[in-house]
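The stops below are meant to be selected in order.

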Amino acid sequence: MNFEIKCALGILSPLTAMIFIYNGLNSPSNMISSISLLILGTIFSGSAMADIILKRTR
């Protein structure tokens, strides 16, 4: 996957989760989707950081 796509997903996923949290975690589907979006954002941003580190050390 491209580095730019990883960065965009790493930024947009937590922002979308924040919108869900701001609207309220009244329903279980909002809780599940916000938690899964936060996890996806962490994975993509961590993958982008790993790409940066690997490119610097090569």
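Start with S45, which sits in helix 2; helices here (H or I, at least four residues) are DSSP runs, numbered from the N terminus. S45 is partly exposed, at 32% relative accessible area. On this scale buried means under 20% relative accessible area, exposed means over 50%, and partly exposed lies in between, using a 1.4 Å probe and protein chains only.

Before going further, note that this is a predicted model, in which local features need pLDDT of at least 70 and side-chain atom pairs count only at pLDDT 80 or more, while totals for chains, interfaces and linings use all residues. Residues are numbered from 1 along each chain as its sequence is written, and side-chain values use heavy atoms, with hydrogens and water left out.

What do the side chains of D51 and K6 form? They meet in a salt bridge, with an N to O distance of 2.8 Å; the term requires a side-chain nitrogen of Lys or Arg within 4 Å of a carboxyl oxygen of Asp or Glu. Because K6 belongs to helix 1 and D51 to helix 2, the pair ties together parts that are 45 residues apart in sequence. Both D51 and K6 are buried. A search of the whole structure finds 1 salt bridge. Side chains of opposite charge can pair when their charged atoms come close.

Next, colour the two helices separately. Helix 2 covers residues 28–57, and helix 1 packs against helix 2 at about 155 degrees with the axes 8 Å apart. The axes are lines fitted to C-alpha atoms, for helices over the stretch in contact, and the angles run from 0 to 180 degrees between N-to-C directions. Helix 1 is therefore roughly antiparallel to helix 2, a label for angles over 145 degrees. Sorted by class, the contact of helix 1 with helix 2 has 13 nonpolar, 9 polar and 3 charged residues.

Select A17 in helix 1, which spans residues 3–23. Is A17 buried or exposed? A17 counts as buried because its relative accessibility is 0%. Apart from neighbours within four places in sequence, A17 is in contact (heavy atoms within 4.5 Å) with S34, L37 and L38.

M18 is exposed, with a relative accessible area of 52%. From M18 to I53 the C-alpha distance is 28 Å, and the two are 35 residues apart in sequence.

Finish at I11, another residue that lies in helix 1. I11 is exposed, at 54% relative accessible area.

How values were computed. Parallel < 35°, antiparallel > 145°, perpendicular 65-115°, else oblique. Nonpolar A, V, L, I, M, F, W, Y, C, P; charged D, E, K, R; others polar.
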